[in-house]
Amino acid sequence: MQRGLDMGLGIQPIRRRLLLAGLTAAALAPVAARAQGNGGTARPIRLVVSATSGGDVLARQLAVQLGQQLGMPVVVEPRAGVVGTESVARAAPDGHTLLLAHTGTLALQAAAAGRPATAKGGDFVALGAVASLPLVLLVPAASPMHSVADLLLHARFGSQRLAYASTGTASVGHLAGELLQESAGMKLQHVPYKGQAQALTELLSAQVDLMFSPLPAALPQIEGGKLRALAVTGARRSAVLSSVPTLAEAGVKGYDCAPMFSVLAPRATPADVAAPLSAALAKVMDSAPLRDALRQEGAEAAPASGDVNVQLQAESEKWGKLLAKAGVRPE
């Protein structure tokens, strides 16, 4: 297959591969027709990633297996935040520009535009949910905070407001910090950076007090004793750090922050183009290798059942209300 991808795939090879994936010829025709570029070769699908923290890991896993399922290359394109989501919303609805985004970014974009975040009158049609991404709450190894209880005491009674790093406005780390402030009745100072590496570097040098990070990015520093994990943000403990409690277990009642990542297409994408893409994504998400890979990255594969647009709407409303209450605006 790799040789075919390198040389470019014609219409007949694309159809053959998609038929082997279990899709009907009638459903595949619109996608195959739109796949034909100059010289009859296949145009790649662009998978725009609006969350560079956590989302990049999910995107890499998806791109390989979705490309194999569709029989055409899938190229990952990082474009952080609302800039990334807007670029897909404005793209041609031909199935060749897709978005991997979490509900916080979608909620922020929708709020800024005065529109709902999902298919009913919104900017996108959801092709399928991919995964939820719990985070780990980190402090530097030299920090006096050894537990969530210590953090709460410092936040409430310390002489200075604690600062937490994130990879940008409405990033998963930012959402986690805003939810902690609301759930625990405390005030933190949000310090956004331009990427995971910069945020972790500032945390390691104690320029900020804490950070919510995807687990894989921070695991080497945790295992090396440079960072201390106080809690994870999901409803369950992480299989990768089973000794670390959830924030709810550690005393922040009802806390659960694991924003859902989904693959979306521009709103005007025809049903006969969206349907085979959704079917291919469902096959990928149902594969044990991908689910195992996501688990190793600290993510949880999304449930296969349920209307993803309904799920997205509920999630987007949740985060939209939180961001509005906190006065967060697009940058």
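Modeller: What follows covers confidence and then the salt bridges in this predicted model.

Biologist: What is the mean pLDDT of the protein chain?

Modeller: The mean pLDDT is 80, and 79% of the residues in the protein chain reach 70 or more. Among the elements, strand β9 (residues 227–232) has the highest mean, 97, whereas helix α1 (residues 2–7) has the lowest, 35.

Biologist: And which contacts does the model have over residues 1–30, how many beyond near neighbours in sequence?

Modeller: There are 47 such contacts, although the pLDDT over residues 1–30 is below 50. Residues 32–41 also stay under 50, and for them the model has 23 contacts beyond four places in sequence.

Biologist: Switching topic, how many salt bridges are there?

Modeller: The count comes to five, and one of them joins the side chains of Arg43 and Asp94, with N to O at 3.0 Å. Arg43 lies in the loop between α3 and β1 and Asp94 in the loop between α5 and β3, so this pair ties together parts that are 51 residues apart in sequence.

Biologist: Is Asp94 buried or exposed?

Modeller: Asp94 is buried, at 16% relative accessible area, while Arg43 is partly exposed at 33%.

Biologist: What does Glu77 pair with?

Modeller: Glu77 meets Arg46 in a salt bridge of 2.9 Å, N to O. Glu77 is in strand β2 and Arg46 in strand β1, so the bridge ties together parts 31 residues apart in sequence.

Biologist: Which residue forms a salt bridge with Lys325?

Modeller: That is Glu182, with the closest N and O atoms 3.4 Å apart. Lys325 is exposed, at 64% relative accessibility, and Glu182 is partly exposed at 40%.

How values were computed
Residues are numbered from 1 along each chain as its sequence is written. Side-chain values use heavy atoms; hydrogens and water are left out. pLDDT is the predictor's confidence in each residue, from 0 to 100. Helices (H or I, at least four residues) and strands (E, at least two) are DSSP runs, numbered from the N terminus. Contact means heavy atoms within 4.5 Å. A salt bridge is a side-chain nitrogen of Lys or Arg within 4 Å of a carboxyl oxygen of Asp or Glu. Buried means under 20% relative accessible area, exposed over 50%, partly exposed in between (1.4 Å probe, protein chains only).
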